[in-house]
Amino acid sequence: MHGLKVIFKKELADHFSSYRFLILFSLICMVSLIIAYMVSMTIKNEMKDIAKPQFVFLMLFISQGGLFSFVQFVAFFGPLIGLIMGFDLINRERNEGTLSRILAQPIYRDAVINGKFLAGVVTISIMIASIVLVITGLGLILMGVVPGIDEILRILVYMIISIVYISFWLGVAILFSIIFRSVTTSALAGLAVWIFFSFFVSLGANIVAKAFVPDAGPDNLEALLKQITIQRAISLSSPIILYSDATATIVDPTKKTTRSFVFVGPFEKLSSERFSGPLSLHQSLLIVLPYIITLIAITAICFAISYIVFMRQEIRSA
Amino acid sequence: MVVEEKAIIETENLTKVYKGQVAVDHVTFKVFEGEVFGFLGPNGAGKTTLILMLLGLTEPTEGMARVLGVDPVREAIKVKGLIGYMPENMGFYNDLDAIQMLKFMADLNGLPRHIADERIEKALYTVGLENEAKKKIGAYSRGMRQRLGLAELIVKEPKVAFLDEPTLGLDPDATNKMIELIENLSKEQRMTIILCSHFLEMVQKLCSRMRIIIKGKMVAQGTMETLAKEKFGVDSEEYTLEEIYMKYFQEEA
């Protein structure tokens, strides 16, 4: 166990003292501050005529003030954080010859990869938590809203999902840094996966669904439904969509399902029309639970693959 | 001078097949406590692979090895705690300074803080880096990096040390310093040292016994005298190790 602790401590210190982290952190901080500022400006105007506004605090995170909301920003930019933090964790050490030297010391081999992953996850957690706190503080100053307990809990759940999501991308980056000897190649591979999932999966899902069910239209509802089912199933393979759906329902209590409106079944439609009030946190959680579990599962799978590949690799000194 | 009593390292038919190629071919040898043992051989002869197997970093395809009676395959962690390893291309974290680097390595070995601090100070002084201790390793010259590698061994205080080409690419002055330091490790720290090198003058000066490996096979083993006698039938006084080595090499090639 002591090996894990030593590696973890060193990696954490490395993250926090690196220029890479500083640049990344200031960039995210800047963007979130701008978003929070713009959102609070627009919310002020919108709230003027409403007698009893609900969940104003959560609006800070989900309302699209200028271009995009904070939640959308993390969904899109979060992968990049994980990739940038992890793409050279193993192969840089291999190329510099430090990996074989660490492994020649009396520690278990998995202490290296576990320590690196854990340190990354902790860094991500601190990053997310501090940004959410900054936005909260800014909201308090600009709008004077105090979050209720329900809202705080929702934000907490949102933070946990975000940490798992970014950790998944850290896992992807570490996997590539184990597989590829060259730092540039592993960075490129990570970027390729990111671009694939953020742009091509939703596009591809659309095309594939249309190819399967070509006769869908407003007059053929059954085919339309089938088309949407296929499209949805394919796009759920993307962690970005998984994350977006999960967080959208958590931070927006008025959203009662992650599915698109056309696809909502008749009974569900009836019940959601009857109860127009916001969902309780418990109900929101029930809706997104499968998404959260899937996210955790793919993160675990990704890390497990890295672990196995790393444990089986031959360690040569040069 | 050689205390031939306890075999510290023992191998039997140690073999490694790497990607279909035989890197180490049925090597059997013993290294005794307190001696400086030299490994000679052309590039790619399997010296490094042999060391990696003894360290438990690579699993042998066949045969067995014992380091201080411990099996490096089954108890790799224990073996790694007993052995100090200085690879050919020493990797350091360039953004750390010497003290931070040595502390990190001491932590990995589980040394308590007060013992580590004491040893680090002594080690830096021994290798003559005490004035550069706060400098980032990235700014170190090759000679300084190699000496820092030795400092690491002094901090760890292993029973056995593997030195892979410790003088490669060093200038004559730095080379002499290195030889002195290695001698010091052997005599004062009573470390058993296994030395891989192409710098035959150094091997001749330092090693009590040596072995020649060509294409993964052990072709000769013994003291200077026995090696010379085998090939030339005379005492070693007349021949340098270089001449003996070339003779073996030409015959094999």
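**Exercise 1.** Determine how many bridges join strand 1 of chain B to strand 4 of chain B, and describe the sheet that contains these strands.

*Solution.* Five bridges join the two strands, which run antiparallel; strands are DSSP runs (E, at least two residues) and helices are likewise DSSP runs (H or I, at least four residues), numbered from the N terminus. Next, the order 2-1-4 describes an open, antiparallel sheet of three strands in chain B, where pairing requires at least two DSSP bridges between two strands. Strand 2 (21-32) and strand 4 (62-67) of chain B are the edge strands, as each pairs on one side only.

The model is predicted: local features need pLDDT of at least 70, side-chain atom pairs count only at pLDDT 80 or more, and totals for chains, interfaces and linings use all residues. Residues are numbered from 1 along each chain as its sequence is written, chains are lettered from A and ligands numbered from 1 in the order in which they are written, and side-chain values use heavy atoms, leaving out hydrogens and water.

**Exercise 2.** Characterise the interface of chain B and chain A.

*Solution.* First, 28 residues of chain B are in contact (heavy atoms within 4.5 Å) with 24 residues of chain A. Second, the count of salt bridges (a side-chain nitrogen of Lys or Arg within 4 Å of a carboxyl oxygen of Asp or Glu) is one. A:Arg101 forms a salt bridge with B:Glu152, with the closest N and O atoms 2.8 Å apart. Finally, helix 3 of chain B gives the largest share of the side of chain B that touches chain A, five residues.
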